[in-house]
Amino acid sequence: MAKAIKTPSTFAEALRLAADLAEQNETLERQLAELRLNGEYPEVLRPSHIIKLLGFSAPKVNELTKHPTFPHLNRNRRKGEAVTVLKSDLYHWLKTERY
């Protein structure tokens, strides 16, 4: 889920926030580059692929897939059926969404 960013009240807080955001962006960019370049994963990803590819935990992936804007291929899936997502859609979503 998207986190609300507290508006810094001092210059030092603003610098710390900028550094934290830059670090988060760098991490995301590395993950997205891996996603783009990694040919060992299929074009349609399942949660197990996302866990391995991005290094997220299973609960984190579960949380992401419940986000209202997550790009499900099978949004109306049956109970117990795994979420599927196009690799390119996941790449775009990670780049544009604040979760």
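Helices here are DSSP runs of at least four residues, numbered from the N terminus. With that in hand, let's walk through this predicted model, starting with its charged pairs.

Take Asp20, which pairs with Arg16; their closest N and O atoms sit 2.6 Å apart. Both belong to helix 1, residues 11-37, and because they are four residues apart there, about one helical turn separates them. As for solvent, Asp20 has 29% relative accessibility, so it counts as partly exposed.

Further along, Glu26 makes a salt bridge with Arg30, this time with 3.6 Å between the closest N and O atoms. These two are also four residues apart in helix 1, so about one helical turn lies between them. Glu26 and Arg30 are both exposed.

Now for a pair that reaches across the chain. Lys87 forms a salt bridge with Glu43, the closest N and O atoms being 3.7 Å apart. It ties together distant parts of the chain, 44 residues apart: Lys87 is in helix 4, while Glu43 is in the loop between helix 1 and strand 1 (44-45).

Next, have a look at helix 3, residues 58-65. Its buried residues are Val61, Leu64 and Thr65. Look down the helix axis and these buried residues fall within an arc of 95°, so they line one face of helix 3. And what covers them? Helix 2 (47-54) and helix 4 (87-96) are among the elements that do.

Terms used: Residues are numbered from 1 along each chain as its sequence is written. This is a predicted model: local features need pLDDT of at least 70, side-chain atom pairs count only at pLDDT 80 or more; totals for chains, interfaces and linings use all residues. Side-chain values use heavy atoms; hydrogens and water are left out. Buried means under 20% relative accessible area, exposed over 50%, partly exposed in between (1.4 Å probe, protein chains only). The arc is that of the directions from the helix axis to the C-beta atoms. Contact means heavy atoms within 4.5 Å. A salt bridge is a side-chain nitrogen of Lys or Arg within 4 Å of a carboxyl oxygen of Asp or Glu.
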